[in-house]
Each structure stands twice: as C-alpha cells, then as structure tokens.
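Work through the exercises below with the sequence and coordinates open. Each task is followed by a solution in steps.

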Amino acid sequence: ELYEVQSSMDGITTITQVDVEALQGVVRSIPDAFLARKVVVCEGKTEYGICRTLDLKWASETGQSFAYLGIAPVEGGGSHAPERALRLANFGIETALIVDSDDKDIEPAIEDCRQGSVKVVQWDGGCSVEERVCYDLPGWAALQTMVEQALERCPKDSVIDGLASRLNLSPQAINVRAEWFSLSEEREAEIRKAIGKTAKDQKWFKRIDFGEWLGGLIYENLPEMTGTDLAVNLRAL
C-alpha cells in the first residue's frame with residue numbers, strides 16, 4: 001500500500017501506486033529512493049561511500065547538496081544494482097547507475113539499463129572502481145597514500161604479500177617505500193595494475209566508510225586527472 005505523489009511545475013499532481021510485485025525488493029532495500037526526484041544507484045559499498053564524499057565536497061563548492069537538488073545516492077546491492085536501477089527508471093524516477101565493468105555475468109542486465117532510460121556510468125577497461133582509481137591517479141604520491149591507508153585498515157601481512165607476489169618482489173621490499181615506488185618507469189603500468197588488483201581482491205575499500213576515504217582521495221586529485229576515464233565519468237555524474 002505504497003503510493004508516490006508527484007507535483008509538477010504546472011500544478012498537476014499525480015498519484016502512482018507502487019507495483020509491489022516488481023518493486024517490493026527495492027522498497028525494502030533502498031526505500032529512500034522513493035523520496036527523491038533523481039536516484040544514483042551505486043553498485044556496492046565502495047561506490048556509495050565515494051558518492052557520499054563527493055556530495056559533501058561538491059556541496060562545499062556550489063552550496064547545493066544532492067539532497068538540495070532532490071538526488072538520493074543509494075546502495076544497489078552488488079549484482080542486483082542494474083535490476084533495481086531499471087525498475088526505478090521504469091517507475092518514472094530519473095535514475096543513474098554507477099557500476100564496475102569487471103563482471104561479465106551482469107553485463108546483460110547493464111545493457112538492459114542502457115536500452116531503458118537509465119544513465120549508466122561505467123569504468124572503461126573491464127575493471128573495478130579500485131583498479132580505475134589506481135590507473136588514473138596522478139603521480140606516485142596518491143598511490144603511496146592509498147597503499148599506506150590499506151596497511152592501516154587491512155591485515156598488513158596480507159597487503160604486503162599480495163603486492164609482493166604480483167610484482168615479483170620480496171615482502172621486505174614492499175615495506176620500504178622508496179625501493180618499489182621508485183622502480184623504473186617501464187614498470188609503472190605493472191605497479192598500478194598490481195595495486196588495483198590487490199585492492200579489489202582483498203576488498204581494501206569494501207565498506208562505506210572506507211569508500212568515503214577513497215572518495216576524498218579522488219576529489220583531492222581530480223583537478224589533475226582531466227581527460228582520464230575516472231574524471232570523465234565523475235563529471236558525467
């Protein structure tokens with residue numbers, strides 16, 4: 001017995017009953033989506049945390065938060081996110097979907113969103129958001145900060161061993177910042193890939209508060225990432 005009431009600028013008010021059979025899962029999981037004019041469905045906790053931080057940062061610049069603009073970022077529940085986004089869009093809510101590009105199993109559902117009226121924000125290169133961040137962050141300093149944060153938040157030995165195995169280095173080398181971050185430029189792409197893969201596989205930022213921290217790192221470096229896939233997609237958002 002849920003209805004949505006919308007009033008347009010020309011004074012017309014409409015009342016629409018929510019299709020319980022189609023939308024009950026969405027109502028239970030992300031009820032705040034029905035209190036917004038626009039919804040950003042975030043695939044998981046990392047994306048949701050990033051959006052929360054970007055909202056705060058962008059609001060400090062413009063004075064207009066997502067809430068002020070009638071926008072609600074919501075957590076999409078991983079592989080359920082495309083289906084939820086499409087159902088919200090079909091209900092008449094303007095919807096965007098932020099989603100990784102590394103899971104081929106949900107690509108058909110993402111394509112359905114594209115064919116529908118969902119604005120899909122998806123990283124290039126068949127990668128997760130953690131990998132995309134590692135590919136696009138400028139210079140070494142931001143990457144060092146990201147690894148140091150992982151060493152504080154995650155089991156230290158696991159982080160070190162994961163990076164060492166991917167870079168064919170000893171764990172002792174990973175402990176010394178200068179030794180592996182000052183490797184030749186020929187290995188830069190390999191290092192970025194290793195950090196991104198380890199971050200994804202070990203779930204360094206798979207919590208909302210960890211995603212919020214990652215969002216802060218992205219925001220600080222966004223001016224220097226003009227033209228990168230990460231920056232282009234976030235500007236589109």
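**Exercise 1: a buried aspartate**

Leaving aside neighbours within four places in sequence, D136 is in contact (heavy atoms within 4.5 Å) with R192, M225, T228, D229 and L230. The model is a predicted one, in which local features need pLDDT of at least 70, side-chain atom pairs count only at pLDDT 80 or more, and totals for chains, interfaces and linings use all residues. Residues are numbered from 1 along each chain as its sequence is written, and side-chain values use heavy atoms, with hydrogens and water left out.

Task: Which element holds D136, is D136 buried or exposed, and which backbone nitrogen does its side chain reach?

Solution. 
1. D136 lies in helix α5; helices are DSSP runs of H or I with at least four residues, strands are runs of E with at least two, and both are numbered from the N terminus.
2. D136 counts as buried because its relative accessibility is 9%, and buried means under 20% relative accessible area with a 1.4 Å probe, protein chains only.
3. The D136 side chain reaches the backbone nitrogen of L230 at 3.0 Å.

**Exercise 2: helix α2**

Solution. 
1. The buried residues of α2 include Y48, I50, L54 and W58.
2. Among the elements covering the buried residues of α2 are β3, β4, β5, α5, α11 and α12.
3. After α2 comes G63, with a positive phi near 80 degrees.

**Exercise 3: the nonpolar cores**

Task: Which members of the largest nonpolar core touch the most other members, and what does W204 touch?

Solution. 
1. A nonpolar core is a set of buried Ala, Val, Leu, Ile, Met, Phe, Trp, Tyr and Cys residues joined through side-chain atoms within 4.5 Å.
2. The largest has 45 residues, of which V133, L137, M146, I195, W204, L214 and I218 touch the most other members.
3. Elements that each supply at least two residues of this core include α2, α5, α10 and α11.
4. Not counting residues up to four places away in sequence, W204 touches V147, A150, C154, V159, L163, I195, T198, A199 and F210.
5. A second, separate core of 25 residues includes V39, A85, L86 and I110.

Terms used: Buried means under 20% relative accessible area, exposed over 50%, partly exposed in between (1.4 Å probe, protein chains only). A polar contact is a pair of N or O atoms within 3.5 Å; within protein, one must be able to donate a hydrogen and the other to accept it, and residues adjacent in sequence count only if both atoms are side-chain atoms.
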